[in-house]
Each structure stands twice: as C-alpha cells, then as structure tokens.
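Please open the model in your viewer and keep the selection panel at hand. The tour below goes from stop to stop, saying what to select and what is found there.

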Amino acid sequence: MAAGTAPHRQEVTVASVGDVAERIRRVVLRYPTPQQAKAGTHVDVELPTVDGVLTRSYSVVDASPDGRELALSVHLAARSRGGSAAMHALTPGARLWATQPLQNFPLGVGAARYVVLAGGIGVTAVAAMARVLKARQADYRVVYVGRSRHAMAYLDDLAAEHGDRLAVHVDDEGSALDVDALLAQIADDDRAGSTELYMCGPIRLMDAVRRGWENRGLPVTNLRFETFGNSGAWAPQDFVVRIPRLGVETRVDANATMLEALERAGVEMMFDCRKGECGLCQVSVLGLDGQLDHRDVFFDAAERAQDDRLCACVSRAVVTGTPRIDDVDAPTGAPDGTAVVTIEVT
Ligand code: FES
C-alpha cells in the first residue's frame, strides 16, 4: 500500500462513471494494487487532450473496502477543452496513468470540535473527513454550501450519513451561508481555541472565512483548507504573458497555467504547491492589458486588488469586459481580443 508525498505513477482502469450532480461526474479508478486513501488525499491523473498530456489533481471521495477502487468526482468547467472535459469523456475500461493517493490536506486528531465546510465541488475534498470524524465519534458539524441543489454532489448521502450535524445552505433557496454567523458560533464557544475548521470551496468563500477567522483572533493553525485551481471569477481564456527582461513572450492556453506555459518557454520558475497557497511562484506585474483573475489564497484581498503581484500557478488574465461566471444575466462569450500580462520574475 502506498500513500505519501512522492508520486508513483501507475496504469489504472476506469471501473465506472456516472453523474452525481449537474455537470459533476463520478469516475471510479481501479488500481492494480490496494491503495491507502486517507481523508484529504488526492490523486494526480494524466489526461491526454488535444493540447498534449495534462496532469490534474482530484480529491479521493471514497474508496472500496479492498482499496483497489478510488472514486473521484469532477466538475465540468465552462468551455473546458482540458482536464475536466477529458475526465468527463472517460468510459468504463479506459486506461490512464494516475498516482497513488497523495496527502497534503491531513485531518488532525485531538481537537475538541471540528467544522467541515464544503463549497460546491469542494465537497469532494472534505466528504471523507466528515466520514472519519463520525467514525471517531468526534464532535463535528458539516456545512455544505451550493448554488442550487441540482449542482450539489452527494447531498443526499451526506444528509443520510450526518443527519442534524449537516447544515445545508443553498443560494437559490435564499439560504446562503452567513459566514460571520458561522464564525461567531465558533468563536463564542468555550472550545473556540480547540476548534479546527477544514474547508474547500470557491476562493471568495474561503477568503471570507479566512479573513473572519483571523479578525476574531482564532488560531490560524486551526484553519485548514484545500484549494482547487479552477475556482476563478471568470472562465479561463487564452492569454499572453511577457517577460521583457528575458525577451520571452508566450501564450497561456485556457487549459494550462501561466506557470506551465513559462516552464515550457524555458523560464526557470520557483514553485511548490501549484495551488495558489504557498506564494513561491509569485511574480511582479509590470503591465496589464485586461483583467487579472487571481484565484490564489496566498495574498489577501487587499493585496490582490493591487494587481501588482500574482501567483503564476493559478492566476490568469481575461479580456476586459468578459462577463463573470456568476453573472447569469450577462451575454455569453467574451469580447474579442487577448489579454496580455507583462511580468518580472525573481
Ligand atoms: S506554487 Fe504555491 S502559490 Fe504557486
């Protein structure tokens, strides 16, 4: 069995696929040997696409008792030509390469109380945690936030599993999560200092929680989160990145990251998490023709608003005037043109 941080690729077979919510497909991978899929783990999957092989990370939602089958769930990104479209195109029997479960979002032990917060597809990263907490008979609650019930995967399963420990907040039912109220409940409890909150969801939700958590003086080490790189304000577009000092100009495809494009162009980049968390890949922005879609959780909201630095592993640019993903009244499509970001790397 294997679970660790050194990725080990192996050929796996798609055992089954099925839709679990609007635009969300469950894909079960069968491994040649049993895997140890602890709560919080993900696998890196290699996906052949028209633009070459892409590696994408997906949380392990659950595993079969023998550890040979791991279930992932994938949200089909708007206008995806990349990872999520390739995952949605998989059929039973397809073969592909994937790593063993990798852990960088571990569930702690010994806290007096736990809160598990899922936003949208972020439920895939935390559903297993809630299951473990129940098995441990821990004091926990699960908060699940979504746009509409149709788009919330595993909602019925979570309700059956966690009963009144589950709180569901649905935007189009007028029951959107009040982040302040949630944090006030945590902070006003005697066990505030020993409450751990695990979350995965859209950047704006996680930002609001992070800001409120810090403002209330709750221990920062007790707030743990997992990000996913597609949680931007705009659907990905191709854009251009320039580094005048190095004479580099390269195109960043909608299904690639700026970091990947710069690496392909031969630029030596620093990085670690590739998820917008550590800040190691940050670059300075010298010029911008378009709008930045930061997507990171390393900078705070005020820093992001400056638009003078970005995390190359997740941040993107779009043409000015592109409608935001959550602007349902806006016309579809983007204005003509290509955004251009001019940067300096250190
Ligand atoms: S590599 Fe960690 S924020 Fe980009």
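Begin by selecting H4 and H5, where H4 passes H5 in a right-handed crossing (a crossing is right-handed if the near helix is turned clockwise from the far one by less than a right angle, and left-handed if anticlockwise). Helices (H or I, at least four residues) and strands (E, at least two) are DSSP runs, numbered from the N terminus. This is a predicted model, in which local features need pLDDT of at least 70 and side-chain atom pairs count only at pLDDT 80 or more, while totals for chains, interfaces and linings use all residues. To make your selections, note that residues are numbered from 1 along each chain as its sequence is written.

Helix H4 covers residues 179–187 and helix H5 residues 203–215, and the two pack at an angle of about 40° with their axes 10 Å apart; the axes are lines fitted to C-alpha atoms, for helices over the stretch in contact, and angles run from 0 to 180 degrees between N-to-C directions. That angle makes H4 oblique to H5, since angles under 35 degrees count as roughly parallel, over 145 as roughly antiparallel, 65 to 115 as roughly perpendicular and the rest as oblique. Now show Val 179, Asp 180 and Leu 183 in H4, which meet Ala 208, Val 209, Gly 212 and Trp 213 in H5; two residues are in contact if their C-beta atoms, placed from the backbone, lie within 7 Å. By class, this contact of H4 with H5 has five nonpolar, one polar and one charged residues (Ala, Val, Leu, Ile, Met, Phe, Trp, Tyr, Cys and Pro count as nonpolar, Asp, Glu, Lys and Arg as charged, and the others, Gly among them, as polar).

Next, select Gly 193, in the loop between H4 and strand E12 (195–200). Gly 193 is partly exposed, with 13 other C-beta atoms within 10 Å; a residue is buried if 20 or more other C-beta atoms lie within 10 Å of its own, exposed if 12 or fewer, and partly exposed in between, with C-beta atoms placed from the backbone.

Move on to H2 and helix H3 (residues 155–162), which pack at an angle of about 15° with their axes 11 Å apart. These two helices are therefore roughly parallel to each other, and their crossing is left-handed. Ala 127, Ala 130, Arg 131 and Lys 134 in H2 meet Leu 158, Glu 161 and His 162 in H3, a contact that divides into three nonpolar, one polar and three charged residues.

Which residues have the most contacts inside the largest nonpolar core? Select Leu 70, Leu 72, Val 116, Val 126, Met 129 and Ala 312, which have that place in a core of 90 residues (a nonpolar core is a set of buried Ala, Val, Leu, Ile, Met, Phe, Trp, Tyr and Cys residues joined through C-beta atoms within 7 Å). Helix H2 (residues 123–135) gives the most to this core, with eight residues. Leaving aside neighbours within four places in sequence, Ala 312 is in contact with Met 258, Leu 259, Leu 262, Met 269, Cys 281 and Val 283.

Finally, select Tyr 154, in the loop between strand E10 (140–146) and H3, which has a positive phi of about 65° although it is not a glycine. Tyr 154 is buried, with 20 other C-beta atoms within 10 Å.
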